[in-house]
Amino acid sequence: MAQIGIRFHQSLNDFLAPALSDTEIIHNFERKASVKDMIESFNVPHTEVGRISVNGVAADFNYIVQDRDRIEVFPAGENFSATSAGQLRPPLLQPPQFVVDSNLGRLARYLRLLGFDCLYRNDYNDDMIARIASEQQRIVLTRDRSLLHRKIITYGYFVRADKPKIQTREVLKRFALNSLIKPLTRCTHCNGKLAETGKSCIEHRLEPLTKQYYDKFLICLECGRIYWQGSHSMRIEQLLGELAGTQS
Ligand SMILES: [Zn+2]
């Protein structure tokens, strides 16, 4: 029998029972285990962890836990992609790309509206999401913590809030995305890229009032949906205002 002390910091406590929160947990174990397995035995997904310290020294996920180790586990935060000693995963692709779980459709749409590459389908299952994330180095956004325990997923975030706008704000903050927002560059329906198009090319598809009042149009290169600056720009400005003003 071996014994360790392990403490989870800050937002990692969201995954623990209140009695274990913000305290050194004394834990007995018999089988040889990596620190990653040890962390996940407390239901904390590895994707949420940003830094591990064992007896004051940075450790990676493969470290094999020893008797009397004192382990500190810190969350991944805004400096998620920064290189540093004890880095747990390779740097993220920039700008980050996402694959969004099937029950977070509005979050996916909001992120697309802000210009982020978000794969989403309402019929994605866990296997598909994990495979896409692994093959394309995408960040999994989910409210299913068991999905984030999968080994092949390197990057992920457990979305805390229920409301889509607050979820969007969480993701912007967690991955430091505010400076990367590029409104009206991506189709909210299919994630395709938008390109400018001449009014004469799409005029036959416009409602009379749209044709009368707007001159600048964008078209989705994937699904052909048309966007125009007026109404869609207002929607984005309203969303950005709400994201800035929403208190968590
Ligand atoms: Zn489209």
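Which residues of helix 2 are buried?

Mentor: A word on the source comes first. This is a predicted model, in which local features need pLDDT of at least 70, side-chain atom pairs count only at pLDDT 80 or more, and totals for chains, interfaces and linings use all residues. Residues are numbered from 1 along each chain as its sequence is written.

Now the helix. Helices (H or I, at least four residues) and strands (E, at least two) are DSSP runs, numbered from the N terminus. Helix 2 covers residues 105-113, and its buried residues are Leu 107, Ala 108, Tyr 110, Leu 111, Arg 112 and Leu 113. A residue is buried if 20 or more other C-beta atoms lie within 10 Å of its own, exposed if 12 or fewer, and partly exposed in between, with C-beta atoms placed from the backbone. An α-helix has 3.6 residues a turn, so residues three or four places apart point the same way.

Next, the two ends of the helix. Asn 103 sits in the loop between strand 6 and helix 2. Asn 103 counts as partly exposed because it has 13 C-beta neighbours inside 10 Å. Its C-alpha atom is separated by 9.0 Å from that of Arg 121, 18 residues apart along the chain. At the other end, just after helix 2, Gly 115 has a positive phi of about 100°.

Then there is the sheet. Strands of a sheet pair through backbone hydrogen bonds, either parallel or antiparallel. Here four strands make an open sheet in the order 7-6-8-9, with parallel pairing; two strands pair if DSSP finds at least two bridges between them. Strand 7 (118-120) and strand 9 (156-158) are the edge strands, each pairing on one side only. From one strand to the next, the twist averages 20°. Axes are lines fitted to C-alpha atoms, for helices over the stretch in contact, and angles run from 0 to 180 degrees between N-to-C directions.

Within this sheet, strand 6 (residues 98-100) and strand 8 (residues 139-142) run parallel and are joined by three bridges. Phe 98 has Ile 139 as its bridge partner in strand 8.

Helix 2 lies across strand 6, strand 7 and strand 8, and runs at about 150° to strand 7. Helix 3 (residues 126-136) also packs on the sheet, touching strand 6, strand 7 and strand 8, and its direction makes about 180° with that of strand 6. Two residues are in contact if their C-beta atoms, placed from the backbone, lie within 7 Å.
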